[in-house]
Amino acid sequence: MLVQICGAVFSFIVAIVISFQIALALGMPWGSYTMGGKFPGKLPVFMRFICLLQIGILGGFAVLVMSQSGLIPGAEAPSVSSKWIWAAVAFSAVAVILNLITPSVQERRIWAPVSGVLLITSLAVAVL
């Protein structure tokens with residue numbers, strides 16, 4: 001039961017992060033809340049494409065975590081998901097570190113706790 005709760009929390013938070021990335025890709029002026037605040041306002045076009053890449057990566061990790069936690073009915077690939085779940089854990093750990101050392105105060109205040117929850121929940125799904 002705890003694994004499913006952690007998988008659901010991870011996926012819900014990833015959906016919020018993906019929504020943020022979609023907004024950035026569409027030109028919302030929230031650049032000071034991402035990428036170290038290097039691009040305040042709207043992100044340049046190239047960085048918007050990076051947002052699309054991040055959306056794909058995050059979406060893949062959400063599917064992986066949901067699969068490993070049993071939230072996707074019929075997803076019977078435990079050997080694959082049990083190995084790749086550690087990629088989601090590592091990605092989340094790197095995100096925590098980067099969000100703690102960012103020069104952007106806004107990014108640090110918002111995304112460090114968010115990435116911390118992603119790390120804890122993905123680790124719980126990997127270990128339990």
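In these legends, buried means under 20% relative accessible area, exposed means over 50%, and partly exposed lies in between (1.4 Å probe, protein chains only). The model is predicted, so local features need pLDDT of at least 70 and side-chain atom pairs count only at pLDDT 80 or more, while totals for chains, interfaces and linings use all residues. Residues are numbered from 1 along each chain as its sequence is written, and side-chain values use heavy atoms, with hydrogens and water left out.

**Figure 1. Confidence along the chain, expressed as pLDDT (the predictor's confidence in each residue, from 0 to 100).** The chain has a mean pLDDT of 92, and 94% of its residues reach 70 or more. Confidence is highest in α1, at 96, and lowest in α3, at a mean of 88. Helices (H or I, at least four residues) and strands (E, at least two) are DSSP runs, numbered from the N terminus.

**Figure 2. The aromatic pair of phenylalanine 20 and tryptophan 30.** Rings of Phe, Tyr and Trp (its six-membered ring) pair if their centres lie within 6.5 Å; planes under 30 degrees apart count as stacked, over 60 as edge-to-face and the rest as tilted. A search of the whole structure finds 3 aromatic pairs. In the pair formed by phenylalanine 20 and tryptophan 30, the rings are stacked, at 5.8 Å centre to centre and 0° between the planes. Because phenylalanine 20 belongs to helix α1 and tryptophan 30 to the loop between α1 and α2, this pair ties together parts that are 10 residues apart in sequence. Phenylalanine 20 is buried, at 11% relative accessibility, whereas tryptophan 30 is partly exposed, at 32%. Phe20 and Trp30 form one aromatic cluster with Trp111.

**Figure 3. The aromatic pair of phenylalanine 61 and phenylalanine 91.** How are the rings of phenylalanine 61 and phenylalanine 91 arranged, stacked or tilted? They are tilted, with 5.1 Å centre to centre and 50° between the planes. Phenylalanine 61 lies in helix α2 and phenylalanine 91 in helix α3 (residues 78-101), so the pair ties together parts that are 30 residues apart in sequence. With a relative accessible area of 14%, phenylalanine 61 is buried; phenylalanine 91, at 35% relative accessibility, is partly exposed.

**Figure 4. The nonpolar surface patch.** Patches are made of residues with over 30% relative accessible area and no salt bridge; like charges are joined within 9 Å, and nonpolar side chains (Val, Leu, Ile, Met, Phe, Trp, Tyr) within 5 Å. A salt bridge is a side-chain nitrogen of Lys or Arg within 4 Å of a carboxyl oxygen of Asp or Glu. Accessible areas come from the Shrake-Rupley method with a 1.4 Å probe, and for residues only the protein chains shown count as cover. The nonpolar patch covers about 870 Å² and is made by Met1, Leu2, Ile5, Val9, Trp86, Val117, Leu123, Val127 and Leu128. Helices α1 (2-25) and α4 (105-127) each supply at least two residues of this patch. Leucine 128 is placed in the segment after α4 and is exposed, at 56% relative accessibility.

**Figure 5. Methionine 35 and its backbone angle.** Most residues other than glycine have a negative phi. Methionine 35 is not a glycine, yet its phi is positive, at about 55°. This residue, methionine 35, lies in the loop between α1 and α2 and is partly exposed, at 25% relative accessibility.

Figure 6. Valine 14 is found in helix α1 and is buried, with a relative accessible area of 1%. Valine 14 and leucine 118 are 104 residues apart in sequence, and their C-alpha atoms are 8.0 Å apart in space. Asparagine 99, in helix α3, is also buried, at 10% relative accessibility. Serine 115 lies in helix α4 and counts as buried at 4% relative accessibility.

Figure 7. A disulfide is a pair of cysteine sulfur atoms within 2.5 Å, and a search of the whole structure finds 0 disulfides. Cysteine 6 is buried, with a relative accessible area of 10%. Cysteine 51 is likewise buried, with a relative accessible area of 0%.
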